Amino acid sequence: MKPAPIIDLHEDISYYYISGAEGLEFGLEEFDKDMPKRHADIPKFKKAHVKLIFSSVFYLLPTLSLKTRGRIRALTPKAACLTALEHIKVYYRLVDAYPNDLTLILSEEDIYEVMEGDKIGFLISMEGAYALEDVEDLQIYYNLGIRSLQLTWNLGNKYAAPCTATKDYGLTDEGVELIQKANRLGVIVDLAHASKKTHLEAAETSKLPLINSHVNPRKMHETPRNIDDEMYEAIRKTGGVAGFMCALIGGENDIEAYARNIIYVYENFGPDIIAIGTDYFGLINTKTPKGLEDITKFRKLFELLIEKGMSEEDVEKLAYKNALRVILEHAKRWK
């Protein structure tokens with residue numbers, strides 16, 4: 001098939017630099033170098049025909065946990081506002097450092113420019129609403145460039161319950177207000193890491209399509225982090241998309257297992273919900289699926305899916321068309 005553009009719904013590029021590549025199988029290097037084993041960089045993005053990346057602000061800080069025997073590393077949302085600003089600055093600095101290759105996605109026009117041109121777009125996405133002390137703070141982060149908001153990570157907050165919640169309280173009143181505010185601004189609401197009740201209530205609240213940026217079906221790998229059929233259906237009904245991540249796929253942890261996850265959702269929920277959400281740079285102490293070690297390997301995935309019976313048109317929907325449709329629907333509201 002003709003190389004399709006790729007939109008990736010989740011990469012933790014700023015965390016890679018701020019953490020010093022902690023927990024990854026490769027070290028630090030300038031972003032314009034084609035570094036061996038690195039999940040992605042400018043040369044790999046260009047080779048893979050990547051056009052737009054949801055560039056995550058994963059601003060939780062390492063701390064100590066004594067809750068679980070043998071596990072001492074944990075994360076905390078302390079100093080979330082200041083830490084978030086540092087992550088946002090990383091994306092601005094990368095764009096400043098490589099102005100011929102990278103650009104920020106801030107307007108509808110920016111989307112068309114990266115899809116039709118040679119630059120790669122960073123759409124800055126906030127991984128968890130911990131930095132928002134008030135719903136109206138979203139306006140401030142929007143002004144700084146945030147165009148997608150994940151309600152939670154694995155820690156609960158005053159807006160929504162996470163997938164790890166002992167008691168699934170779903171959306172709070174403030175969570176409802178936050179989604180309504182996001183809809184008015186055109187900020188894409190992301191349900192990755194959110195609980196089942198949060199998924200279902202968000203789907204009833206949002207007037208715009210929802211995404212779950214990086215996830216896999218629980219039917220293929222049973223874990224709270226993945227989502228069940230009812231949650232996929234809730235996203236589908238909003239016209240939204242779910243991105244497949246390079247972890248928690250079950251099976252042999254290879255490209256075949258990853259493809260089986262896609263085929264399952266494709267066959268049960270149709271071609272309009274599927275998208276890519278690698279979680280590259282965020283796969284801490286986690287091996288990538290064999291055959292998907294970096295973003296350039298996705299060409300092999302697309303060929304494999306066609307061999308398994310998907311049409312070229314539906315593979316293009318997976319690669320970029322579904323995500324692009326959702327982004328453009330929100331971008332109409334960007335000022």
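**Ala160.** I looked up Ala160 and found it buried, with a relative accessible area of 0%, where buried stands for under 20% relative accessible area, exposed for over 50% and partly exposed for what lies in between, with a 1.4 Å probe and protein chains only. Ala160 sits in the loop between strand E7 (146–150) and helix H6 (173–185); helices (H or I, at least four residues) and strands (E, at least two) are DSSP runs, numbered from the N terminus. From Ala160 to Arg38 I noted 122 residues in sequence and 34 Å in space, C-alpha to C-alpha.

**Basis.** I keep in mind that this is a predicted model, in which local features need pLDDT of at least 70 and side-chain atom pairs count only at pLDDT 80 or more, while totals for chains, interfaces and linings use all residues. Residues are numbered from 1 along each chain as its sequence is written, and side-chain values use heavy atoms, with hydrogens and water left out.

**Salt bridges.** I counted 17 salt bridges, taking as the rule a side-chain nitrogen of Lys or Arg within 4 Å of a carboxyl oxygen of Asp or Glu. Asp34 and Lys44 make one of them, at 2.8 Å from N to O; Asp34 lies in the loop between helix H1 (13–18) and helix H2 (42–48) and Lys44 in helix H2, so the pair ties together parts that are 10 residues apart in sequence. Lys44 is buried, at a relative accessible area of 5%. Arg38 meets Asp41 in a salt bridge of 3.1 Å, N to O, and both of these residues are buried. I then noted that Asp34, Arg38, Asp41 and Lys44 are linked in a network of salt bridges.

I also looked up Glu230 and Lys196, whose salt bridge has its closest N and O atoms 2.8 Å apart. This pair links distant parts of the chain, with Glu230 in helix H8 (residues 229–237) and Lys196 in helix H7 (residues 196–205), 34 residues apart. Glu230 is partly exposed at 43% relative accessibility, and Lys196 is partly exposed with a relative accessible area of 30%.

I searched the whole structure and found 1 cavity of 30 Å³ or more. On a 1 Å grid over the protein atoms alone, a cavity is a set of points where a 1.4 Å probe fits but cannot get out, a pocket is an open set with protein on both sides within 12 Å along at least five of seven lines, and lining residues have an atom within 4 Å of a point. The largest cavity has a volume of about 30 Å³, a volume being the space filled by probe spheres set on the points, which are joined across faces, edges and corners. Its lining consists of Gly23, Leu24, Glu25, Phe26, His39, Leu283 and Thr286.

The second largest pocket holds about 180 Å³ of space. I found 14 residues lining this pocket, with Glu25, Lys37, His39, Thr288 and Glu293 nearest its centre.

**Segment after H11.** I placed Arg333 in the segment after helix H11 (312–331), where Arg333 is partly exposed with a relative accessible area of 34%. Its C-alpha atom is separated by 33 Å from that of Phe302, which is 31 residues away along the chain.

**Ile140.** I found Ile140 in helix H5, and at 48% relative accessibility Ile140 counts as partly exposed.
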